[in-house]
Amino acid sequence: MTSPFPETKTGLRFSLASLAVTGCLAAVLVASLPVRAEDANPVLAKVNGSEIRQSDLALAEEELGASLAQMDPAAKKDNVLSFLIDLKIVAKAAEDKKVENTDDFKKRLAFTRNRLLMDSLLATEGKAATTDEAMKKVYEEASKQITGEQEVHARHILVETEDEAKAILAELKKGADFAELAKKKSKDPGASDGGDLGFFTREQMVPEFSTVAFTLESGKISDPVKSQFGWHIIRVEEKRSRKAPDFEQVKSQIETYVTRKAQAEYVAKLREAAKVERMDKPEEAAKTEAKPDAAKPTDSKMAPAKK
């Protein structure tokens with residue numbers, strides 16, 4: 001391995017200049033040493049001598065979650081730290097009043113403890129299951145179902161009555177621009193985009209609409225089509241065989257799916273081994289005991305992300 005230090009021809013004899021360079025280099029090396037654990041987790045405040053550290057702030061942010069979503073980082077930090085300070089103060093007051101000795105507190109503490117134990121274990125099980133191999137396998141299986149399915153790219157103009165639809169069709173036959181007519185006359189939310197629906201599969205539209213759209217040739221315009229939403233004039237722009245999205249594009253969805261599936265299967269396995277007695281439904285409990293394999297998780301397929 002190449003040495004980070006330049007070799008000199010003078011052996012152990014160093015000039016004052018080289019000593020100065022060495023000193024600068026030492027300073028750089030010291031600055032690049034790993035930060036000490038206590039420096040990485042600094043004390044942010046003290047309440048009656050009790051410390052609040054950066055790690056406490058991070059945990060509180062995780063717990064408070066959605067309520068902090070709209071805050072900028074500085075305001076978020078200030079609000080969470082203020083909350084933790086109040087938490088320390090009020091918790092100490094509760095201790096002084098022996099709140100922890102009440103039955104209600106003990107019940108809530110037991111519930112919270114069980115919830116935290118469950119969440120921690122399931123998080124561990126879910127994380128262990130989300131390997132690259134497992135996620136790629138789910139992706140490949142889902143891709144096989146998606147690839148080859150036909151998609152249509154179409155525009156439409158939606159109006160209230162058949163007469164309106166016929167009048168629009170007459171304008172189109174005279175050479176009117178479809179997108180411009182859609183912007184002016186369609187009541188569909190996508191009218192501002194010229195009635196553009198993008199690509200869709202047969203199942204993503206109501207049957208009356210899909211039947212016509214998938215029958216029309218590219219570039220053709222339909223006769224008026226009635227659906228529960230009103231009357232449509234459809235223009236097919238393009239047809240293609242559907243392709244699966246890239247793995248990276250849907251990786252987060254696959255990770256969520258694999259995690260939840262692993263957690264559900266783990267809970268089902270534990271439940272299967274446990275003796276559960278439902279006092280509110282004794283008949284149901286009896287059936288469960290008679291058929292221990294009755295409730296097994298079923299594999300669900302990854303829903304393809306709509307493009």
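1. Helix α8 is capped at its N-terminal end by Asp 177, one of whose side-chain oxygens lies 3.1 Å from the backbone nitrogen of Ala 179. Such a polar contact is a pair of N or O atoms within 3.5 Å, where, within protein, one must be able to donate a hydrogen and the other to accept it, and where residues adjacent in sequence count only if both atoms are side-chain atoms. Helices (H or I, at least four residues) and strands (E, at least two) are DSSP runs numbered from the N terminus.

2. The model is predicted, and local features need pLDDT of at least 70, side-chain atom pairs count only at pLDDT 80 or more, and totals for chains, interfaces and linings use all residues. Residues are numbered from 1 along each chain as its sequence is written, and side-chain values use heavy atoms, with hydrogens and water left out.

3. Within α8 (residues 178-185), Phe 178, Ala 179, Leu 181 and Ala 182 are buried, where buried means under 20% relative accessible area, exposed over 50% and partly exposed in between (1.4 Å probe, protein chains only). These residues cover an arc of only 160° around the axis, which puts them on the same side of α8; the arc is that of the directions from the helix axis to the C-beta atoms. The buried residues of α8 pack against β3 (150-159), α7 (162-173) and β6 (230-241), contact meaning heavy atoms within 4.5 Å.

4. Glu 180 counts as partly exposed at 37% relative accessibility, and Lys 183 counts as partly exposed at 43%.

5. The count of salt bridges comes to 15. Among them is the pair of Arg 155 and Glu 237, with the closest N and O atoms 3.4 Å apart, which links strand β3 to strand β6 across 82 residues. Glu 149, Glu 151, Arg 240 and Arg 242 are linked in a network of salt bridges.

6. Arg 240 also has its charged end over the ring of Phe 199, 3.5 Å from the ring centre, the criterion being NZ of Lys or CZ of Arg within 6 Å of the centre and within 35 degrees of the ring normal. Lys 136 lies over the face of Phe 247, at 5.0 Å from the ring centre.

Definitions and conventions: Salt bridge = Lys/Arg side-chain N within 4 Å of Asp/Glu carboxyl O.
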